[in-house]
Amino acid sequence: MNRESFAAGERLVSPAYVRQGCEARRSHEHLIRLLLEKGKCPENGWDESTLELFLHELAIMDSNNFLGNCGVGEREGRVASALVARRHYRFIHGIGRSGDISAVQPKAAGSSLLNKITNSLVLDIIKLAGVHTVANCFVVPMATGMSLTLCFLTLRHKRPKAKYIIWPRIDQKSCFKSMITAGFEPVVIENVLEGDELRTDLKAVEAKVQELGPDCILCIHSTTSCFAPRVPDRLEELAVICANYDIPHIVNNAYGVQSSKCMHLIQQGARVGRIDAFVQSLDKNFMVPVGGAIIAGFNDSFIQEISKMYPGRASASPSLDVLITLLSLGSNGYKKLLKERKEMFSYLSNQIKKLSEAYNERLLHTPHNPISLAMTLKTLDEHRDKAVTQLGSMLFTRQVSGARVVPLGSVQTVSGYTFRGFMSHTNNYPCAYLNAASAIGMKMQDVDLFIKRLDRCLKAVRKERSKESDDNYDKTEDVDIEEMALKLDNVLVDTYQDAS
């Protein structure tokens with residue numbers, strides 16, 4: 001209510017009470033005003049009443065929510081279901097215009113303001129996470145793979161002769177298909193084994209640049225966040241190569257915002273060489289539903305070019321989700337989550353190390369990977385061909401999600417390209433292994449339950465029949481889960497790799 005409304009209310013209720021209510025509302029409005037003025041994530045998270053007030057105030061600025069609005073066009077924000085309208089807080093028009101995803105919509109001042117504020121908050125968080133000199137970013141309603149494709153398509157206009165993308169190998173389908181979808185030919189650079197770690201082969205990258213010619217190369221497509229034993233690419237050295245040969249550099253930073261090490265690599269790469277854009281997922285870094293990503297970079301005009309390459313308007317849902325999340329957490333809340341993730345990484349590492357030693361295995365030494373861990377499965381691989389994949393299926397049916405069991409010699413074809421040793425990021429890794437990761441939001445109880453179930457599965461998979469292992473199993477906990485798992489184990493052994 002405005003001042004006139006409060007004054008009218010004083011004729012109905014004691015003025016002292018009304019003034020008290022007015023002051024309470026002003027405290028909410030003060031937080032909103034600071035957000036609009038500074039464009040930064042508040043230090044302390046907002047309560048739900050402030051958030052809902054803010055979203056309501058924005059939504060009623062959109063034409064579909066005007067009282068007496070008369071829409072005679074084909075896109076007037078009409079929604080058949082009231083439930084759908086409430087789900088989206090009545091932001092129906094989306095973001096952007098036909099020529100630019102970052103442009104302001106005349107029909108939707110509130111949605112446009114939401115979009116601008118979200119991009120501003122996300123930029124602030126990227127700086128807080130370690131990339132201090134980032135110039136611009138925007139939220140795009142596509143996951144990481146398609147967002148990388150958008151970056152490659154934008155570069156196409158700058159480098160019309162280019163047909164190749166140099167890509168240090170990482171066995172993850174979406175980042176590979178992002179290059180194929182954009183119409184380019186990936187040039188796969190195999191990693192080199194240093195101890196247990198798989199690292200960037202810089203000599204092979206530079207040799208391939210010289211062989212193909214810089215003008216024929218669209219960009220180098222590097223990776224930060226990845227599954228151990230692969231570790232983040234040598235971003236600084238790759239950035240220097242890109243600067244020396246005047247080749248663009250696009251970084252797949254899928255879940256790297258939560259890692260200070262990954263963000264430091266990006267910052268250093270931009271400082272000593274060239275990084276044109278880096279792309280990160282919303283769901284992996286901010287715990288929101290899948291469907292959005294952030295494209296960021298150090299050259300404001302290039303990031304604007306990418307936003308203009310997006311055809312048509314876009315869904316506001318990813319922007320709305322991350323805006324609500326960041327305002328709820330505040331910068332202090334997000335920093336706390338980052339700190340807790342690091343602590344959980346150390347705890348997970350120690351627990352896997354203890355368990356692996358109990359089974360004559362070992363935790364792979366991958367100090368350059370700050371998120372993912374791996375333990376060997378040599379004893380399983382020696383005993384039975386299917387023992388490794390059986391372990392994966394047993395974990396999956398016991399509701400352990402996210403763990404990856406990687407057997408030796410797996411071959412997979414992706415978009416016409418055949419990868420030997422698929423999922424291990426190299427043709428011939430020395431042993432089979434199991435992956436686990438410490439990602440943002442993980443709790444100690446998650447680690448403890450994972451270790452407990454992994455211990456049971458390791459015992460069970462070493463025996464000829466799963467029933468023999470269950471004779472000694474304490475069924476006081478998770479009875480239904482275990483019974484279901486036993487029925488499904490044999491069915492899923494052969495299909496586990498696709499599920500993972």
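Begin with Arg-90, in the loop between α4 (82-87) and α5 (109-129). The model is a predicted one, and in it Arg-90 has a positive phi of about 65°, although this residue is not a glycine.

**The domains**

Next, colour the chain by domain. The domain assignment gives domain 1 as 3-66 + 77-88, domain 2 as 109-329 and domain 3 as 335-470. The C-alpha centres of domain 1 and domain 2 are 37 Å apart. To display their contact, select 16 residues from domain 1 and 18 residues from domain 2.

**The interface of domain 1 and domain 2**

How much area is buried between domain 1 and domain 2? The value is about 1,500 Å², and carbon and sulfur atoms give 68% of it. Now select Cys-41, Leu-51 and Leu-58: these supply 31% of the area that domain 1 buries against domain 2, more than any other three residues.

Turn to the polar side of this interface. Zero salt bridges are found across it, whereas eight residue pairs are in polar contact, with both residues at pLDDT 80 or more.

Select α2 (15-38) and α3 (48-59) next; each supplies at least two residues of the side of domain 1 that touches domain 2. The largest share of that side, four residues, comes from α3.

Arg-25 belongs to helix α2 and Glu-57 to helix α3, so the pair ties together parts that are 32 residues apart in sequence. The count of salt bridges comes to 18.

**A cis peptide bond**

Move on to Pro-229, in the loop between β6 (217-223) and α9 (235-245). Is the peptide bond from Ala-228 to Pro-229 cis or trans? This bond is cis, with omega near 10°.

**An aromatic pair**

For the last stop, display the aromatic side chains; nine aromatic pairs are counted. Select Phe-278 and Phe-298. The centres of their rings are 5.6 Å apart and the planes are at 35°, so this pair is classed as tilted. Planes under 30 degrees apart would count as stacked, and those over 60 as edge-to-face.

Notes
Residues are numbered from 1 along each chain as its sequence is written. This is a predicted model: local features need pLDDT of at least 70, side-chain atom pairs count only at pLDDT 80 or more; totals for chains, interfaces and linings use all residues. Side-chain values use heavy atoms; hydrogens and water are left out. Domain bounds come from an automatic or database domain assignment. Contact means heavy atoms within 4.5 Å. Buried area is the accessible area (1.4 Å probe) that two parts lose on being put together, summed over both. A salt bridge is a side-chain nitrogen of Lys or Arg within 4 Å of a carboxyl oxygen of Asp or Glu. A polar contact is a pair of N or O atoms within 3.5 Å; within protein, one must be able to donate a hydrogen and the other to accept it, and residues adjacent in sequence count only if both atoms are side-chain atoms. Rings of Phe, Tyr and Trp (its six-membered ring) pair if their centres lie within 6.5 Å; planes under 30 degrees apart count as stacked, over 60 as edge-to-face and the rest as tilted.
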